[in-house]
Amino acid sequence: MAKIITVTSGKGGVGKTTTTAAIGAALARTGDKVVVVDFDVGLRNLDLIMGAERRVVYDFVNVIQGDARLPQALIKDKRLDSLFLLPASQTRDKDALTEEGVDRVIGMLSQHFDWVICDSPAGIERGATLAMRHAEIAIVVTNPEVSSVRDSDRIVGILDAKTLKAERGETVDKRLLLTRYDHVRAARGDMLKTEDVLEILSLPLLGIVPESGDVLKASNMGVPVSIHDPNSAPARAYHDAALRLKGENIAMEMPRQRGGLFSKLLRRAA
Amino acid sequence: MTLWKRLFSNTSAPQARERLQILLSHERQVVGGNDLLARLREDILAVVAKHVPCEQDNVKVRLERGTPMSILEIEVEVRGDVGLPTSQAA
């Protein structure tokens, strides 16, 4: 049986889809069988970030409505044999995903994979609650920015109320992933520090992904950032986060000021 | 943070932190930690819907917090002209 993860945030544009692809690829690289599922019906993007946009024939909604069988809709990643994608539909009908349909598909996926990673749409509407419904682990993606932190707090409340685990009186294991973190600005006092966000949200930390041009570069190429350049700082952060999800005890590498005044000047000039 | 920095730099992160702490402590209270208002809304909806057609969005629950007393305002919008029996229910 698979471990089911939901990547969620409340606010849009904080990096849920990037994170879903990156964590999925990082887990697949360790040999686990992984499927990433796009729940953002109407505004799909996970296929694009994974570089599979031209290979989509059938999607999640087709499977739910019985127009395609699940294996027909699953797209195998070009780079990693154990990574699969279930794309979202671009249909305008937001109610195309039904609770029973989602239950059925997640049930089938969890029999064949080690990890099912659900990419939630932004907001707190139906799509988001469907995406978190089966979650055992929720990765709450947050930027060090006031509106993002506030919306994450709201999502935590919803995770505690509207999931199958909550209905059974259990709690979803929630982990914070801080993205777009700029240690220079945090050190200068112009950005919330990791400790600030952790104290405010009081969630265990899964990882800190530094602000980096590598993320944009990887998404331009349609390659999950964790495998695009495995030695880049965001790739390492996502890889460590994936190992932590597997229960490994990896020390948290706090992005900190490296070098002295010289590198600081270089950064400013850049 | 040193006194020097405190005096001569005008940093924004401490303000962000303070604003968030105040805002979230307020929002968590109003929401009651585990979404009290949402639960009230759902329960009220369930009761009303047993007797008259009523939809999710038509129940509004507001909590106005005051010092001598707080007001819990509940507004249920009922679709169409439903003849609510004035005396006994069936």
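In chain A, α1 (16-29), β7 (173-181), β8 (205-210) and α11 (213-221) each hand at least two residues to the lining of the second largest pocket. Helices (H or I, at least four residues) and strands (E, at least two) are DSSP runs, numbered from the N terminus. Keep in mind that this is a predicted model, where local features need pLDDT of at least 70, side-chain atom pairs count only at pLDDT 80 or more, and totals for chains, interfaces and linings use all residues. Residues are numbered from 1 along each chain as its sequence is written, chains are lettered from A in the order in which they are written, and side-chain values use heavy atoms, with hydrogens and water left out.

**The second largest pocket**
- A pocket is an open set of points on a 1 Å grid over the protein atoms alone, where a 1.4 Å probe fits, with protein on both sides within 12 Å along at least five of seven lines; lining residues have an atom within 4 Å of a point.
- This one has a volume (the space filled by probe spheres set on the points, joined across faces, edges and corners) of about 490 Å³.
- Its lining has 24 residues, and Gly13(A), Val14(A), Gly15(A), Lys16(A) and Thr18(A) lie nearest the centre.

**The largest pocket**
- Here you get about 1500 Å³ of space.
- Its lining counts 47 residues, with Ile124(A), Glu125(A), Thr129(A), Ile158(A) and Lys162(A) nearest the centre.
- Both chains join in: α6 (126-132) and α7 (146-159) of chain A, plus α2 (13-31), α3 (36-51) and β1 (59-64) of chain B, each supply at least two lining residues.
- α7(A) gives the most, with 6 residues.
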